[in-house]
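Here is a short report on one protein chain. Look at the sequence and the 3D view first, then read on.

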Amino acid sequence: LSSSSPMTNRGRSADPISSSNSDSTDMPEFEPFGVPGPRGFPPMTEFLDISSVDMMKGPDESNKKQHRTAMFNSDYLIVRRGQEFQVRISFNRPYKPATDTFAVEFVIGSSPQYSKGTYIPVFPTKERQSSWEGRVVDAADLTVTMGVTPAANCIVGKYHMYVAVKTPFGIRRTRWDKSQDLYVLFNPWGPDDAVFLDDESERQECVMTEMGIIYHGSYDDIAERNWNYGQFNYGVLDACLYIMDRSDMPITNRGDPMKVTRKASAMLNSRDDDGVLVGNWSGDYTYGVAPTSWTGSTDILLTYASSKMPVSFAQCWVYAAVFNTFLRCLGIPSRVVTNFFSAHDNDGNLKTDIILDESGRIDRVRTRDTIWNYHCWNECYMSRPDLPTGFGGWQVVDATPQETSDGMYRCGPASVQAIKHGHICFPFDAAFVFAEVNSDVVFYTRSKDGSLEPVKVNRTHVGRMVLTKTPGDVTRRDITDQYKFPEGSTEERTVLEKAEQYGCGRDKSDLPEADVDLVLPAMEISVGDDFELSLEFVNRSGERRTVDAYINGSVVYYTGVTSSEFLFSNPTVTIEPNKSEKGLVEVKSKRYMKSLVEQANLHFIATGKVKETGQIVTAMKVVTLHNPKLTVAVSNGGKVNEEMTATVEFTNPFTFSLEGVYIRMEGPGIMLPMSKYYSLIPGNSSLTWTEYFIPQRAGSSRLMASLDCPALRQVYGTAPVTIGDRSL
């Protein structure tokens, strides 16, 4: 063998490992028990023969209703494991249980084996059973209705089904018929399933709901992004199975939610494995779709499955949203969560280091760690048999490529309970997530000889708030208390000490509190506004204080990375004893507009040195600029399969033209993704786009639209839609 030959399984296992659900082996129509005589086998007319098989797969039939899969836009039978479904088999004569022997066979992957759970025969009699339970529910005339219960831990994916009949000469079976294929999913309603979630409102939200709200902005000025997960749309389930095929994940691992979610957290990003999405935080999206432009997951997943190439482009909420679709589609309860002020430190400690020069001004070259204004990840629900009791339930998984885990860009599943209690050695990646919500921000002064002296520690800035959508509602739910104990509580101290024992270094500096406070107030500003930044210096001492202050205003990406500085001011402020002094800094829009990046964030850091004591005072404020909105309107009186209209209106509020504008629109169960391109929208002019659509499902839904162009990102609009049943 030459050194460049590809790795194989030769000599290690007799068969190649089956790692593709789309590869399959046809089972023979006749398997003889022995060698035929000189005249071949006798005619088999007297033996039982199969004339037809009915999968009972209509959306109104009992299988899809009981298994809660009727919303899937699919012609195939889709069931959940650990729960019985029925098939109707018609024979050429009445079935006689005493003498006739038949089995329903299920096969998945390219080398089916009974011992691997990839070939499962299901028998109708109590005396003979396999891992999937079988029973005759009803037998009338030529038809037998068979009940089949897939094992609660069986492989999740697409199975071929055959009916086999035993004759004295051999086994004869139905020819493979594509229409009899069967999808088996995880079952959060099944008490024996590893993803069992005993809360119906959570199951409805985290498995069955297609409409999502993803939070962004800053913790004191929260913005919402509507998203169509579209897990029931045509082709999405096949795309999710293709992702696992593409990752070469052995078929036999696909019944374990831990292995499925860990593999998927690597496959959702394109780093190191040609996964689904290409990350791009640069602001230049010429050769793809801007992350802010997407309105749902359907386009992304279907494009990946058809082109077999990573889709451009994504940032954290796009990774989290598409991962959410994958998880909900396969039946693993999941939700997107947002952590405001999420630490991403580069050296694995519990410190985010901000370095100041001797005069108190921030040293941008040497400050390497970043704090993301917000970061989105997923939580999925499962038992954790590999951990001590009590650490099952919600697990963090994160597909945004930040750091490698076991050599690949992936993160999780990490138990939320383990993160809260400081068990950061538990697999997988608990320490990384713990640091994202618990880091201290440490300010250092760097002297001329290069030594660093800690001058201030902020223990409450990072992990300020963790939010997710409320089940069954469009409000937000604060779940910070599931990640950490209240700031300053004895439990919090114990947890941080425990994390240190496991090797997570913290800053121990017990610095005296400065007797001057610096306060920056919350502000709501729209893109293009001039405004005044107000600073308040509060002197809590009985003596006069003088502060040499540095106020720095930068345009930052939401990842905390600075794009450019647009403001620098260094006033000296004198504050009388026990008094406060206000200062105003004027900010002109022309200073920041030319350097704005998407997710228009302005980041102000004020630092100062108290002359009398040498103490450092600091304050940080992220100002999220508010964008104009789209107006979305829908015609009244909508009914299933009857045409409706949706209208999107937008007025360019600026004096300059917007170029290269894309508008996208979609809605769960009512409209597949649509888009329109405008090469130019002149300043102060308006556009109207009207589109026809035919809703497929009754009930309440929402139409979501986005407008995106290089000069203006994140312009959204939504409209609620109620669809009635078709008039009879």
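Strand β2 (residues 50–54) pairs with β4 in the antiparallel sense, over four bridges. Two strands count as paired if DSSP finds at least two bridges between them. Helices (H or I, at least four residues) and strands (E, at least two) are DSSP runs, numbered from the N terminus. Val53 has Ile89 in β4 as its bridge partner.

β4 also pairs with strand β8 (residues 143–149), again antiparallel, over six bridges. There, Ser90 stands opposite Thr143 in β8. Strand β4 (residues 85–91) is mostly covered, with six of its seven residues buried. Buried means under 20% relative accessible area, exposed means over 50%, and partly exposed lies in between (1.4 Å probe, protein chains only).

## About the model

This is a predicted model: local features need pLDDT of at least 70, side-chain atom pairs count only at pLDDT 80 or more, and totals for chains, interfaces and linings use all residues. Residues are numbered from 1 along each chain as its sequence is written, and side-chain values use heavy atoms, with hydrogens and water left out.

## A buried loop residue

Gln180 lies in the loop between β10 (170–173) and β11 (182–185). Is Gln180 buried or exposed? Its relative accessible area is 8%, so Gln180 is buried. Leaving aside neighbours within four places in sequence, Gln180 is in contact with Val53, Met55 and Met161. Contact means heavy atoms within 4.5 Å.

## The six-stranded sheet

Six strands form an open sheet, in the order β22-β19-β18-β16-β25-β26, with antiparallel pairing. β22 (414–415) and β26 (476–478) stand at the edges. Each has a single partner strand, so one side of each is left without a neighbour in the sheet.

Inside this order, strand β16 (residues 334–344) and strand β25 (residues 465–469) pair over three bridges. Thr338 has Leu467 in β25 as its bridge partner. Helix α2 (residues 200–208) lies across β16, β19 (393–397), β25 and β26. Helix α2 runs at about 80° to β16. Axes are lines fitted to C-alpha atoms, for helices over the stretch in contact, and angles run from 0 to 180 degrees between N-to-C directions.

## The annotated active site

The UniProt annotation "active site", from an unreviewed entry, covers Cys316, His375 and Asp398. They are spread over 83 residues of sequence, yet they cluster in space: the largest C-alpha distance is 9.9 Å. UniProt positions are given in the numbering used here, feature names are shortened, and annotations may be inferred rather than shown by experiment.

Where is His375? His375 sits in strand β18 (residues 370–382). At 0% relative accessibility, His375 counts as buried. Asp398 is in the loop between β19 and β20 (404–405). Asp398 is buried too, at 2% relative accessibility. Not counting residues up to four places away in sequence, Asp398 touches several residues, including His375, Phe323 and Arg410.

## Helix α6 and its cysteine

Helix α6 (residues 316–330) has 15 residues. From its first C-alpha to its last, α6 reaches 21 Å, close to the 21 Å expected at 1.5 Å a residue. The expected span is 1.5 Å times one less than the number of residues. α6 is mostly covered: 15 of its 15 residues are buried. Just after α6, Gly331 takes a positive phi of about 95°.

Cys329 is buried, with a relative accessible area of 0%. How many disulfides does a search of the whole structure find? The search finds zero. A disulfide here is a pair of cysteine sulfur atoms within 2.5 Å. The closest cysteine sulfur to that of Cys329 is in Cys240, 4.1 Å away, which is too far for a bond.

## A three-stranded sheet

Three strands form another open sheet, in the order β27-β29-β33, with antiparallel pairing. The edge strands are β27 (516–519) and β33 (580–587), and each pairs on one side only. Neighbouring strands of this sheet are turned by 20° against each other on average, direction ignored. Strand β29 (residues 531–539) pairs with β33 over eight bridges. Val538 stands opposite Ser580 in β33.
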